[in-house]
Amino acid sequence: MRYRLLATAAALSVGLTACSSSSETAAAPDGTASASATKLTVWVMRDSFSDPVLDRFKTSFQQSHAGVTLDIQIQEWDGIGQKVISALASKDAPDVIEVGNTQVAEYSASGGVKDLTDKVADLGGADWIPGLAEPGKIDGRQYGIPWYAANRVVIYNKDLFAKAGVTTPPKTRDEWLDVTAKLNKGGDQGIYLPGQNWYTLAGFIWDEGGDLAVKEGDQWKGALDTPQALAGAEFYKKLQALGEGPKDSDEAKPLQATVFAKGDVAQLISAPGGAVAIEKANPELKGKLGFFPIPGKTADKPGAVFTGGSDLVIPEASLHQEEAYEVVKALAGEEFQLDMAKEMSYVPNKVSFAGVLSGNEATAAMAAGAANGHATPNSPNWAAVEAKNLIKEYMTKFLTGDDATADAGAASEAITAILNTKS
Amino acid sequence: MRPRRVLLNLAALGVLAVSVFPVYWMVLTAFKPTTDILSETPTFWPAHPTLEHFTTAVGTPGFWTFWGNSLSITVGAVLLALVVALLAAFAVARMRWRGRRAFILMVFIAQMAPWEALLVSMYIVARDTGMLDKLSMLTLIYFMTTLPFTIVTLRGFIAAIPPELEEAAQMDGCSRTAAFRRVVLPLLAPGLMSTSLFGFITAWNEFAFANALIIKNQADRTLPVWLSSFSNVFGTDWGATMAAATLFMLPVLAIFLVLQRRVTSGLIAGAVKG
Amino acid sequence: MSPVPAAPQATRPRPRTPEATPPPRPPRRFRPADLWPYLLIAPTLAGTAYLLVYPLVRSVVISFQHFRLGELIRGGAAFVGFDNYAEVLGGAEFWTVVRRTLVWTAVNVVLITLISTLVALMLPRLGRWMRLAVMSGMVLTWATPVLAATTIFQWLFQSRLGVVNWLLVTLGFDSFKDYTWFADGNSTFAILVALVVWQSVPFAALTLYAGLTTVPTELYESARIDGASGWQIFRSVTFPILRPLFGLIVSLEVIWVFKCFAQIWAISKGGPDEATTTLPVYAFQIAQSLHKYDLGSAVSTLTVLILIAVLITHLRRMLKHEGEQA
């Protein structure tokens, strides 16, 4: 019996080790023309790009780089910080990772990301748009390579606008509320605005002249309890009530594009690329989507928006640094940039590529809004504020509770504490 | 006497309803067409059952791979834990040796280990021993999370079997191991089954380690990780989410039905008698 | 979550057997057979060393270092003595979390023990079919995986389409129309308690019921002849006999509820407003969301110490029990 038991145990452990063997081949020394296939892993965030865009890139890259195969993996936003860090700290990391421009600073400072300063000239870095190049740069060294940018616009359902008799998109906040109330009739929602879309709230706060946090001397201070910030939140509450967006959730849960795709939602606040996801979920809406910049307080100035976007990084722990750079170069290069800008309506990473966007309704709306673009507080600790969902929880409380000032005060204090901790 | 009976049965019905309803609601939602799910007044019976949500769930890329991964590491961990625990439980229940109490204390304390709190150090240990991104590491961790409980339980079972039985067998000329195999093992069967049930549920469910230790080899993801990303992608689609949860629950239920009947048969027999 | 019939057997007072108290033997020299027990426990020791002791030691070491994102990736952490513990213990937040964890554990364990005792006492009084139905229902609950259960509860309590809100509104509580359960700390806490109790009662109830069936019926009869009421019978007959079983169940539930993590994280991530942040969730947040691995490890170490302190009497009794046997 003993022998049989031991034998079983041994067989088990052998089986276990056997099934874990990796099928990866070692890095090819010269990068491109290796005989044995090198598999490169690229992490792209959920809904950053449509499948056709990624497929086209994969095919074209593999054709021009013999011996390299690309494994493009889609990552979820939920828990991405932990995931990227596990990758950076590992010994065999993905070769190229997309990181949000609010998070790239933290990863770059950690020492797990390859310094690409000497490649900036090769990539034509002088022409990069600053909103993406700056966050990727720490102490004069470039770690994050600008990829694409976007800011939020209002996507609307032309059919529902026509049904409600709305002919021109609103230009001011007051018009916006009127129009949305008119659209919010019968079974239709005037706007689907989940309670925790904090980038949108940030825009309303900037419109009022407030901010999320301010730096006084070398100390940060959460600013959600200022009169300006409370006024912005008040407007958010009014707008949010004109639809059935859940007060306790954000735009990713449920994915707002799939909600909009049902066809009974008149407006949605999203990057223009959201239209691609909507049309994919419901092809009947093709051609029925319109775009306008988020209205400001007055007609002469569009609403303030958060300039969002992504950079590309190569982990130090990637086993294929040379090939990974080729991928980054291709993703940041003209062919891909023009293709994705057209299909996804994103802002490309270089000023000189911007011409591709002219004549596109979606990007015109975005460009108008971009003139009033803002960034999140420039602190490496800001990622922690996001990770702890402080603003999101405050928003839910603001929308469901009755003491906004107290809630805002508590949230501001929490932000103050996090921003002032030393890492 | 009458009203007491009625009251008792009402209470029993209440317990039954609370136990069954959430699961019933999950299965029901999974079979309802989306229009019924989104209706303001819920229906409590599948008027128009549909399989569309199951098709959606099964149709997500990699579903069968993740299914296979979960099944193989779960079964691997359970078998490993059973074998290892059986050896240790026998030593604790039937032998006397120096360090026995210390060993038992260790097992008790191991049972309290807050596993999720060890995530970072487990990551470091896995990385430093070259076990990152490997299903075998998950198998080992699940083995370890169920091991202490399995030892404690099996020890109880072994201790409840009178040693005289074994001794009698040994007198009949059996070796100690043969006596164990012929006499103790059959009596242990219910214990082995119920501990494997426990191990199966624990391992099948585990999310935190599966999510943190499988990084680049996405084909090595497990069903709980799939379920969580599924609810991110299909968050609004409660039908598909409930279908996914149903599919996730199915193997556990199957194992329960197969094992539990034998485990509880003695129990129910006793209940009917008493 | 554990097998039904195991526990009663494990705790039922065992008859003294010759094996348990062997007759005194003459002192003897080392024999190869003495190695047997050590061989048998070797795999357990090896597994524990690699998968529990090593990470645990690593975690304790980290709690004495400055160990943040950079140290995780680059290595080279410096020792800082008790700084992390001082920071954790000096903050008000930690003590709030400890208090909340104790409340969380107490509420859950009391409810679980109470409900499962009532259910266990109810079962033998039911008709055969009803009893089978209730037991099968509980087995179904028990078989529901945690992740599936959390998904179900999120759906049940969903604000717009959730059946709970519909039921409450139908019953006349109109304020529950579109009520957002997961926006409020107390209601989220309550839902989590409901979830954990719902999942834990079957094990405890079925185990207690199995224990009840071992109580000789003559004891009840003689008590009844003496004119004892139902409560008196429970207090003077049932409870004393089942006391070890109650002890075991309460201890196991304390362990499971105290370190409960998956349910809380899946439903609320410790929020809203940290109303559901218990110690394991707190440690996870600090480490994974804020990348303060050093502070997270310190909290983990303290968590284990607190759990051991809570269960010290249980551990003592177990060990004493072992002592009597060995």
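This is a predicted model: local features need pLDDT of at least 70, side-chain atom pairs count only at pLDDT 80 or more; totals for chains, interfaces and linings use all residues.
Residues are numbered from 1 along each chain as its sequence is written, and chains are lettered from A and ligands numbered from 1 in the order in which they are written.

## Chain B

Chain B has twelve helices and zero strands. Here helices (H or I, at least four residues) and strands (E, at least two) are DSSP runs, numbered from the N terminus. Read from the N terminus, the element order of chain B is α-α-α-α-α-α-α-α-α-α-α-α. The C-alpha trace of chain B spans about 70 × 70 × 30 Å along its principal axes.

An unreviewed UniProt entry lists residues 7–27, 71–91, 103–126, 138–162, 183–204 and 238–259 of chain B under "transmembrane region". UniProt positions follow the numbering used here, feature names are shortened, and annotations may be inferred rather than shown by experiment. What does the model show over residues 71–91 of chain B? The chain is 100% helix and 0% strand there, and the end C-alpha atoms are 30 Å apart. Residues 183–204 of chain B are also 100% helix and 0% strand, with end C-alpha atoms 32 Å apart.

## Between the chains

Chain B meets chain C with 90 residues, against 79 residues of chain C. Two residues are in contact if their C-beta atoms, placed from the backbone, lie within 7 Å. Several helices of chain B give two or more residues to this side, including helix 1 (2–31), helix 4 (63–94), helix 9 (176–205) and helix 12 (238–273). Which helix of chain B gives the most? Helix 12 of chain B does, with 17 residues. By class, the chain B side has 67 nonpolar, 18 polar and five charged residues. Ala, Val, Leu, Ile, Met, Phe, Trp, Tyr, Cys and Pro count as nonpolar, Asp, Glu, Lys and Arg as charged, and the others, Gly among them, as polar.

Chain A touches chain C as well, with 21 residues from chain A and 19 residues from chain C. On the chain A side, helix 3 (80–89), helix 15 (382–387) and helix 16 (390–400) each give two or more residues. That side has seven nonpolar, eight polar and six charged residues.

## Helix pairs

The table sets out three helix pairs. Axes are lines fitted to C-alpha atoms, for helices over the stretch in contact, and angles run from 0 to 180 degrees between N-to-C directions.

| Helix pair | Axes come within | Crossing angle |
|---|---|---|
| Helix 5 and helix 7 of chain B | 8 Å | roughly 130° |
| Helix 5 and helix 11 of chain C | 9 Å | roughly 140° |
| Helix 2 and helix 13 of chain A | 10 Å | roughly 165° |

Angles under 35 degrees count as roughly parallel, over 145 as roughly antiparallel, 65 to 115 as roughly perpendicular and the rest as oblique. Helix 2 of chain A is therefore roughly antiparallel to helix 13 of chain A. Helix 5 and helix 7 of chain B are oblique to each other. Helix 5 and helix 11 of chain C are oblique too.

Handedness comes next. A crossing is left-handed if the near helix is turned anticlockwise from the far one by less than a right angle, and right-handed if clockwise. Helix 5 of chain B passes helix 7 of chain B in a left-handed crossing. V107(B), A110(B) and Q111(B) of helix 5 make this contact with P148(B), F149(B), I151(B) and V152(B) of helix 7. The contact residues are six nonpolar, one polar and no charged.

In chain C, helix 5 passes helix 11 in a right-handed crossing. Among the contact residues are T101(C) and I112(C) of helix 5, and E253(C) and F258(C) of helix 11. They divide into seven nonpolar, four polar and one charged.

The crossing of helix 2 and helix 13 of chain A is right-handed. V53(A), R56(A) and F57(A) of helix 2 face F336(A), D339(A), M340(A), E343(A) and M344(A) of helix 13 in this contact.

## The sheet of chain A

Chain A holds an open sheet of six strands, in the order 2-1-3-13-6-14, with mixed pairing. Strand 2 (68–75) and strand 14 (347–348) of chain A stand at the edges with a single partner strand each, so one side of each lacks a neighbour in the sheet. Two strands pair if DSSP finds at least two bridges between them. Strand 6 (residues 145–150) and strand 13 (residues 308–313) of chain A pair in the antiparallel sense over five bridges. A149(A) stands opposite G309(A) in strand 13 of chain A.
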